[in-house]
Amino acid sequence: MSANTTATPLTTPTPRPRTGLGTLPRTALTALAPAVWGTTYVVTTELLPPGHPMFAALLRALPAGLIAVAFTRKLPHGSWWGKAAALGILNIGLFLPLLFTAAERLPGGVAGTLTAVQPMIVALLAVLVLRQRLSGRRLLWGLVGVVGVGLVVIGPSAALDAVGVAAGLGGAATMALGVTLTKRWGRPEGVSPLALTGWQLTAGGLFLLPLTFLFEGAPPAIDGRAALGYLWLGLVGGLLTYALWFQGIATLPVGNVAVLGLLSPLVAAALGALLLGQTLGPVQLVGFALALASIVAGQLPERRVAGRRG
């Protein structure tokens, strides 16, 4: 097994000025990732044994990562051992436990709203890490997206918990930093998106392995329904979607990709209404419209920046 050490940097502030149908297929494929991640709540509550969120995160990451590494027959080399480990811990190993902790401690979808601040954090990190200009438009539409998601998922009885709030914001921050560094470092020349995904899933899974047994003890009994749920989370919600996600980060502006993450809580709310009998009233529908408007606006090019360059 081998890997070329020459990296393909992806540090250009903005890609070639392709708009409209030129980027639409790539955007649609990338959007599949957060849309599928939105099924996690239904799968977890309806198929998986309760009380083992870290075990679910572990099975979502490690087996899929090892499969990808075995299939691609590529291993990191040189500095990419450290980079792959850092990205895997940020994007998966830290993000998933923080997300589950926030979800357990914050009722009424507050966790989803906190996670929705990720596009705004990415907009700020793009200035520090990618040397892009601060986009007031992206910050504004990111705020609109947070408000929209909040209207969709926060119920009237929602309560705040300090640990849960810290976990929710920490999860948004770690994922935002992981997305930004993924864009900054790119991937080694000759290494496919699937191989890079395998490195990160494996690194994140190995990070989760001792933590899972430390905090949750022995794994739960797995019946047929649970096995189906774990397979969905690992192969579709892990391997396939993360490959699409990282490919999207590589080929699209990082701000465009980050705002697509708002699809996850929206899909979760829609599935709750369709499959679990949860209701969506007028306020939730307004929130849906605001969040979708934020997603669409987040795909528009920064014309003012392009004009100044010309």
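L143, V147, V286 and L290 make up a nonpolar surface patch with about 300 Å² of accessible area together. Patch members have over 30% relative accessible area and no salt bridge; like charges are joined within 9 Å, and nonpolar side chains (Val, Leu, Ile, Met, Phe, Trp, Tyr) within 5 Å. A salt bridge puts a side-chain nitrogen of Lys or Arg within 4 Å of a carboxyl oxygen of Asp or Glu. Areas come from the Shrake-Rupley method with a 1.4 Å probe; for residues, only the protein chains shown count as cover.

This is a predicted model: local features need pLDDT of at least 70, side-chain atom pairs count only at pLDDT 80 or more, and totals for chains, interfaces and linings use all residues. Residues are numbered from 1 along each chain as its sequence is written, and side-chain values use heavy atoms, with hydrogens and water left out.

**Overall**
- The protein has 14 helices and 2 strands. These are DSSP runs numbered from the N terminus (helices H or I, at least four residues; strands E, at least two).
- Buried residues are 47% of the 310 residues. Buried means under 20% relative accessible area, exposed over 50%, partly exposed in between (1.4 Å probe, protein chains only).
- The protein exposes about 14300 Å², and carbon and sulfur atoms supply 70% of that area.
- Among contacts (heavy atoms within 4.5 Å) with a separation of 6 or more, 89% join residues 24 or more positions apart.

**The patch**
- Helices α7 (136-153) and α13 (282-297) each supply at least two of the patch residues.
- V147 sits in α7. V147 counts as partly exposed because its relative accessibility is 41%.

**Helix α1**
- α1 has 14 residues and spans 20 Å from first to last C-alpha, close to the 20 Å expected at 1.5 Å a residue. The expected span is 1.5 Å times one less than the number of residues.
- T27, T30, A31, A33, P34, V36 and W37 are buried in α1.
- The buried residues of α1 pack against α2 (40-47), α3 (53-72), α8 (162-185), α10 (224-251), α11 (254-260) and α12 (263-275).
- T30 belongs to α1 (residues 24-37). T30 counts as buried because its relative accessibility is 2%.
- Beyond residues up to four places away in sequence, T30 touches L244, W245, G248, L252, V257 and L260.

**Y230**
- Y230 is part of helix α10. Its relative accessibility is 7%, so Y230 counts as buried.
- Y230 and L48 are 182 residues apart along the chain, yet their C-alpha atoms are separated by 7.5 Å.
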